[in-house]
Amino acid sequence: MFLSLMKKTILVVLAVITLASCSEYQEALKSEDMGLKYAFADSLYDVGKYRKSLKLWEQIVPAYRGKPQAERVMYLYADAHFQVEDYYLAGYQFDRFVSAYPDSDKAEEAQYKAAVSYAELSPNYQLDQSETEKGLDYLQQFITAYPDSEYAADANERIKDLSVKLQKKSYEVAKGWHKIMEYPAAIASFDDFLSDYPGSPFREAAFFYKLDSQYQYGSKSINVLVKPRLEEAIEMYETLIRYFPEGEYRTEADAIKADIDQILENYS
């Protein structure tokens with residue numbers, strides 16, 4: 001009974017504090033006193049109530065432009081966007097901060113968070129990758145500016161992840177041509193992929209599907225073109241085996257080679 005009464009009392013006290021806090025917050029929003037708004041926004045930010053603090057920072061930022069407190073205000077405003085994962089506005093505001101205060105103690109962190117914000121906007125690999133490329137560009141700029149930063153390892157890992165996403169996009173485009181049996185387009189796309197991404201984790205697969213595209217293209221060609229096109233396929237097979245002698249696609253590649261040899265034997 002006593003514990004139940006205590007629990008009810010605590011809940012009532014918390015409810016009163018919450019109502020009072022909400023009332024004070026609404027008063028701060030409506031107030032013309034920028035000092036009051038600043039203090040309230042600061043306290044909300046400190047306890048992690050970033051969304052609420054944002055509404056106040058939006059009112060405060062213009063009023064403090066050009067004043068000594070502007071640097072801190074602009075940083076906290078940008079970071080509040082970052083904390084609520086509004087990465088589009090966070091990136092934009094951190095960009096503005098770095099431009100306005102390049103010598104700030106917070107410039108390194110701001111540039112890192114701008115880069116992270118743009119990287120977080122990167123969509124699924126199947127979609128347009130403009131945001132991915134933008135994120136990569138910002139991360140690389142950060143690494144160039146701060147190679148020894150405490151954030152460098154994370155930035156490099158993000159660069160790797162975004163790069164793989166671009167590679168997957170390019171690889172899947174080429175594989176799409178193979179799937180719909182547009183073999184010349186597939187071969188050209190795999191050539192571009194292998195040239196652009198020599199260290200890609202999709203490299204072996206690209207070599208194999210390029211080989212298979214050439215094999216399919218050659219074997220379905222008119223008689224006079226079968227031999228030269230399949231001879232090109234043999235060269236592709238040899239390249240694949242040279243780079244990946246014990247690779248995932250060795251068995252399938254060997255089967256293609258055996259069929260090519262049989263076709264060429266009959267062709268002769």
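Guide: Let's begin with Thr132: leaving aside residues up to four places away in sequence, Thr132 touches Ser122, Pro123, Leu162, Lys165 and Leu166. Keep in mind that this is a predicted model.

Visitor: Okay, and where does Thr132 sit?
Guide: Thr132 is part of helix H7, which covers residues 130-145.

Visitor: Is Thr132 buried or exposed?
Guide: Thr132 is buried, because its relative accessibility is 0% and the cut-off for buried is under 20%.

Visitor: New topic. How many salt bridges does a search of the whole structure find?
Guide: The search turns up 11 salt bridges. One of them joins the side chains of Asp42 and Arg72, at 3.0 Å from N to O.

Visitor: Which helices do Asp42 and Arg72 lie in?
Guide: Asp42 is in helix H2 (residues 34-46) and Arg72 is in helix H4 (residues 70-83), so this pair ties together parts that are 30 residues apart in sequence.

Visitor: And how does accessibility look for those two?
Guide: Asp42 counts as buried at 17% relative accessibility, whereas Arg72 is partly exposed, with a relative accessible area of 38%.

Visitor: What does Asp79 form a salt bridge with?
Guide: Its partner is Lys113, and the closest N and O atoms are 2.7 Å apart. Asp79 lies in helix H4 and Lys113 in helix H6 (residues 107-120), so here the parts tied together are 34 residues apart in sequence.

Visitor: Are Asp79 and Lys113 buried or exposed?
Guide: Both Asp79 and Lys113 are buried.

Visitor: Which residues are linked with them in a network of salt bridges?
Guide: Lys106 and Glu109 join Asp79 and Lys113 in that network.

Visitor: What about Lys227? Where's the salt bridge there?
Guide: Lys227 pairs with Glu231, with the closest N and O atoms 2.6 Å apart. The two are separated by about one helical turn, because they are four residues apart in helix H11 (residues 223-243). Lys227 is partly exposed at a relative accessible area of 32%, and Glu231 also counts as partly exposed, at 34% relative accessibility.

Visitor: How much of residues 38-220 is helix, and how much is strand?
Guide: That span is 77% helix and 0% strand, and its end C-alpha atoms lie 74 Å apart.

Conventions
Residues are numbered from 1 along each chain as its sequence is written. This is a predicted model: local features need pLDDT of at least 70, side-chain atom pairs count only at pLDDT 80 or more; totals for chains, interfaces and linings use all residues. Side-chain values use heavy atoms; hydrogens and water are left out. Buried means under 20% relative accessible area, exposed over 50%, partly exposed in between (1.4 Å probe, protein chains only). Contact means heavy atoms within 4.5 Å. A salt bridge is a side-chain nitrogen of Lys or Arg within 4 Å of a carboxyl oxygen of Asp or Glu.
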